[in-house]
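Let's take a friendly walk through a model, stopping at a few places along the way. Please keep the viewer open as you read.

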Amino acid sequence: MSSSPPPSSAAASPSCPKKMIALRSSDGETFEIEEAAALQSKTLENMIDEDCAGTPIPLPNVTGKILAKVVEFCSKHAEPGVDDESLRAWDAEFVNVEQATVFDYILAANFLEIPTLLNLTCNVVADMIRGKTPDEIRKFFNIKSIFSPEEEEEVRRENHWAFE
Amino acid sequence: MDLPRPEVEGEGGEEDGEDQLGRLPDDLLLHILDRVHDARSLARCLAVSKRLSSLVPLTPTVSLSFPRPRLLPASSESESEPGRWRRRSGFLSRLVDRFVRGPLRFLHRVASAKSASRSGGGGDDDCDCDCDYDSRPAPGEVLKPFRGIESLRVELPSCVDAVGLNGKRTVLRWTARFGGEMKSCVVLGANSLRRREDGAAASGEEGALELRPRAVEEVELEPGPVIAEEELKLRVVWIISCLIAASARHYLLRQIVADHPMLKSVAIVDSDKQGKVRMLEEEIAEMRRSFDSEAADSSSAERIRVPDLRMKLWYAPELELPESGYVMRGATMVLIAPASEAEGEEHGKAKEGGGGGGDLGDVMRSASFEGGGGEDEAAFREAATEMGKLKRTYTLEMNSF
């Protein structure tokens, strides 16, 4: 890794082209990501401006397994010359994973402030919610209902149109 | 009733047994709910858990749509028809019945915020278009739980398509803007809209009522064609239908604006993309101010009175739309504004009769047919631009009704 003098903190464009940023996950794994890809994360963008030296940025909220995928996502979205349709298809494949993993992505995208990933994953969950009955939702998301039967009955009655 | 459902496959992850939504903080969960949009799904979430039932009302973006109405078995010739719209033979009355009365009944029912009785369908109140409106819930009631709505979209079911000349579907779009009362309405209609063929124009199926453009030597004196009386009558029907539909939606909007204090933008569209009424933050604020200053006029339970109107009409018997690749026959554009507003520049433009000057021009430009989607979207926009260039316009006035 090259060590260049710290850039001025104003611009968001890569200060050193092809510069690799090092990230460390909560479980101690280290990953490298191109600066251009890292800038998709507002959190990383702020951190990069401050310190252009090579020490890995610690991310205590993200495990290695998830961080690897996040790096993959950001790198793909920083790639030039990818047309919209194939990117969409790639995104669809990216979130075609276990439910728990989707939520891992959501939390990581929220922590790292990656709008594209956050939108993508939240849409996935919204799609999971849409069109299901309350029982199905509870079952799907493993929600332990703490409604009493009377309370639930009342809600259903008030919004009966939605339950037809 | 919940039906038994097979195990969820694919993205389902209920094997691990953890409440995934519980891992998210409230603001993230609200972020997700904000993307569901569908009011029905969101209302169901109210019954899922206490947490969801406290978050759902805060959802900023909601979209309410009604599934396509079931068509009842044909019982089209209904016997006794009280009221103003007596049945007459002829396509004009059928047009009015389908276009106006059906939607109007529906809107009357929904605007009166009473939950529709769950009759077995149809019943005594069926409209001539044979659509099953009775089991539809009232939007006002449906939206009650969503106190925090900021952006609302309502999609109203469409009746069976309005019938035009020769039994072909009428090509019609309209859009209106409201503040406290109607600010403007733009109607764009045509006898037909079809793809442009290279070479010869599409065959003339429109029949004898279509006009030929004026002979060449008269072009300089009178740059525009004259509308035949039958065509003009048809267009007046269009205009009235659109105005009635618009003002019925206005009534619905007043309810919605009153019930939802956080509202910043609302749109009511037809599912067949014909009509669109929109309000943005400023207009909503204007409407709220008008609540205070006027006594509730409940004389007309169905809709709000339409004020005196001034209209400008453009007409082209045949309009080429090269950019979008369509041809429009009998193209008509009408720009409607309350007489009080239109007065200002009409005086100035009395001699010219030119198209789209001053504020009316701005209204035209801002009248957006966008968001409807569909390939004829671009055709309508181009048609609006092209017709605005026509020199000859007609001016109509209509008394308040």
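Which residues of H10(B) are buried? Before looking, keep in mind that this is a predicted model. In H10(B), the buried residues are Glu377(B), Ala379(B), Phe380(B), Glu382(B), Ala383(B), Ala384(B), Met387(B) and Gly388(B). The helix itself covers residues 376–388 of chain B, 13 residues in total. From its first C-alpha to its last, H10(B) reaches 18 Å, close to the 18 Å expected at 1.5 Å a residue.

Now turn to chain A and a pair of helices. Two packed helices are described by the angle between their axes and the distance between the axes. For helix H6 (residues 115–129) and helix H7 (residues 134–141) of chain A, the axes come within 10 Å and cross at roughly 135°. H6(A) and H7(A) are therefore oblique to each other. On the H6(A) side, the contact is made by Val125(A), Met128(A) and Ile129(A), while H7(A) brings Ile137(A), Phe140(A) and Phe141(A).

Follow chain A into the loop between H7 and helix H8 (149–158), and you will find Asn142(A). Most residues other than glycine have a negative phi. Asn142(A), though not a glycine, has a positive phi, near 60°. Asn142(A) is buried, because its relative accessible area of 11% is under 20%.

Is His37(B) buried, exposed or partly exposed? With 34% relative accessibility, His37(B) counts as partly exposed.

How values were computed. Residues are numbered from 1 along each chain as its sequence is written. Chains are lettered from A and ligands numbered from 1 in the order in which they are written. This is a predicted model: local features need pLDDT of at least 70, side-chain atom pairs count only at pLDDT 80 or more; totals for chains, interfaces and linings use all residues. Side-chain values use heavy atoms; hydrogens and water are left out. Helices (H or I, at least four residues) and strands (E, at least two) are DSSP runs, numbered from the N terminus. The expected span of a helix is 1.5 Å times one less than its number of residues. Buried means under 20% relative accessible area, exposed over 50%, partly exposed in between (1.4 Å probe, protein chains only). Axes are lines fitted to C-alpha atoms, for helices over the stretch in contact, and angles run from 0 to 180 degrees between N-to-C directions. Angles under 35 degrees count as roughly parallel, over 145 as roughly antiparallel, 65 to 115 as roughly perpendicular and the rest as oblique. Contact means heavy atoms within 4.5 Å.
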